[in-house]
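Let's work through a helical model together, one feature at a time. Have the sequence and the coordinates open while we talk.

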Amino acid sequence: MTVVAYTLAVVLNLFCLFLGYSFLFRPAPAAAGYGVPADPRGDAGAYLSVKGLRDGTFGVVGLALLVFAGARAEAWFMLCVALVPLGDTLLVLRHGGRRAVAFGIHFATAAVILIAAGLLFAV
């Protein structure tokens, strides 16, 4: 179970880094994949960059916690970070995004993060 817990944690953190990169360097396709398309010019571009920085930072912090502080610290971090995709679910629904994206991507991500946190607590 230790290998599964650590592997899932690393994959989720690397995915955060990938999302951060996508929103910083390919904002329009990333926003469309998020579930609420946005025009990357003007103010929307700034917000997409903020999201990219946020997601990338979550990935870096998560990896640092896993390496330097251990599984329990990473588990608490993931437990807290699961609030973000839950909030993203509500944002997609609130702004006219598809329910399939809101629940199939964002809510499912929150569930996977919570599972990973549970596995890390059990290690």
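Q: Before we start, what does "buried" mean here?
A: Buried means under 20% relative accessible area, and exposed means over 50%, with partly exposed in between. Keep in mind that this is a predicted model. Now take Asp-88: its relative accessibility is 7%, so Asp-88 counts as buried.

Q: Where does Asp-88 lie, and which residues does Asp-88 touch?
A: Asp-88 lies in helix α5. Leaving out residues up to four places away in sequence, Asp-88 touches Tyr-34, Lys-51, Arg-54 and His-106.

Q: Which of those partners forms a salt bridge with Asp-88?
A: For a salt bridge, look for a side-chain nitrogen of Lys or Arg within 4 Å of a carboxyl oxygen of Asp or Glu. Here Asp-88 pairs that way with Arg-54, and the closest N and O atoms are 3.5 Å apart. This pair links distant parts of the chain, with Asp-88 in helix α5 (residues 83-94) and Arg-54 in helix α3, 34 residues apart.

Q: Is Arg-54 buried or partly exposed?
A: Apply the cut-offs again. Arg-54 has a relative accessible area of 29%, so Arg-54 is partly exposed.

Q: How many salt bridges are there by this rule?
A: The count comes to three salt bridges. Besides the pair of Asp-88 and Arg-54, Arg-54 forms a salt bridge with Asp-55, with 3.1 Å between the closest N and O atoms. Asp-55 also forms one with Lys-51, and there the closest N and O atoms are 2.5 Å apart.

Q: How far apart in helix α3 are Asp-55 and Lys-51?
A: Count along the helix. Asp-55 and Lys-51 are four residues apart in helix α3 (residues 43-68), so about one helical turn separates them. Both Asp-55 and Lys-51 are buried; for Asp-55, the relative accessible area is 5%.

Q: His-106 touches Asp-88, so what else does His-106 touch?
A: Start with the location: His-106 lies in helix α6. With a relative accessible area of 6%, His-106 is buried. Skipping residues up to four places away in sequence, the residues that His-106 touches are Tyr-34, Pro-85, Asp-88, Thr-89, Val-92 and Val-101.

Q: Let's move to helix packing. At what angle do the axes of α4 and α6 cross?
A: Compare the two axes, each taken in its N-to-C direction. Helix α4 (residues 71-81) and helix α6 (residues 99-122) have axes that come within 8 Å and cross at roughly 155 degrees. Angles over 145 degrees count as roughly antiparallel, and α4 and α6 are therefore roughly antiparallel to each other. Their crossing is left-handed.

Q: Which residues of α4 and α6 meet?
A: List each side of the contact in turn. From α4 come Ala-71, Arg-72, Glu-74, Ala-75, Trp-76, Met-78 and Leu-79, and they meet Ile-113, Leu-114, Ala-116, Ala-117, Leu-120 and Phe-121 in α6. Sorted by class, the contact of α4 with α6 has 11 nonpolar, no polar and two charged residues.

Q: And how do α1 and α6 pack?
A: Read this pair the same way, angle first. Helix α1 (residues 2-25) and α6 pack at an angle of about 140 degrees, and their axes are 9 Å apart. That makes α1 oblique to α6. The crossing of α1 and α6 is left-handed.

Q: Which residues of α1 and α6 meet, and how do they divide by class?
A: On the α1 side you'll find Val-4, Ala-5, Tyr-6, Leu-8, Ala-9 and Leu-12, which meet Val-112, Ile-113, Ala-116, Leu-119 and Leu-120 in α6. The residues of this contact divide into 11 nonpolar, no polar and no charged.

Notes
Residues numbered from 1 in each chain as written. Predicted model: local features only at pLDDT ≥ 70, side-chain atom pairs only at ≥ 80, totals over all residues. Heavy atoms only, no water. Axes fitted to C-alpha atoms, helices over the stretch in contact; angles between N-to-C directions. Helix = DSSP H or I, 4+ residues; strand = E, 2+ residues; numbered from the N terminus. Parallel < 35°, antiparallel > 145°, perpendicular 65-115°, else oblique. Left-handed = near helix turned anticlockwise from the far one by under 90°. Contact = heavy atoms within 4.5 Å. Nonpolar A, V, L, I, M, F, W, Y, C, P; charged D, E, K, R; others polar. Buried < 20%, exposed > 50% of the residue type's maximum accessible area, 1.4 Å probe, protein only.
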